[in-house]
Amino acid sequence: MDEHGKVVITLEEYRKKRNISKNKIVVNAHVQRTQLQNYLYNKVSRVDLDVLARICSYLDCDISDILKYEKPKTNK
């Protein structure tokens, strides 16, 4: 983590809590399976806002439900 912190995708946690299948997200949010996997496992360095909008629309959630900001750790 750098000095500014980082944004973490929490989509997998959200999906599991609500027991939503990956396949349903792929089909209903119109995303490729590989693309979804990258979002689920936080392997995306540049997010596609259209993809996030489609996922949020299907899941009926806010962006803050699937993304969070982690502040940088400070050494004291």
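Author: A charge sits over a ring if NZ of Lys or CZ of Arg is within 6 Å of the ring centre and within 35 degrees of the ring normal. This is a predicted model, in which local features need pLDDT of at least 70, side-chain atom pairs count only at pLDDT 80 or more, and totals for chains, interfaces and linings use all residues. Residues are numbered from 1 along each chain as its sequence is written, and side-chain values use heavy atoms, without hydrogens and water.

Reader: Over the face of which residue does arginine 18 lie?

Author: The distance from arginine 18 to the ring centre is 3.8 Å.

Reader: In what order do the elements of the protein run from the N terminus on?

Author: Helices (H or I, at least four residues) and strands (E, at least two) are DSSP runs, numbered from the N terminus. The protein has four helices and two strands. Their order is β-α-α-α-α-β.

Reader: At what angle do helix H2 and helix H4 pack?

Author: Axes are lines fitted to C-alpha atoms, for helices over the stretch in contact, and angles run from 0 to 180 degrees between N-to-C directions. Helix H2 covers residues 22-29 and helix H4 residues 49-59, with their axes 9 Å apart. H2 and H4 are therefore roughly perpendicular to each other (a term for angles of 65 to 115 degrees). The packing angle is about 115°.

Methods. Angles under 35 degrees count as roughly parallel, over 145 as roughly antiparallel, 65 to 115 as roughly perpendicular and the rest as oblique.
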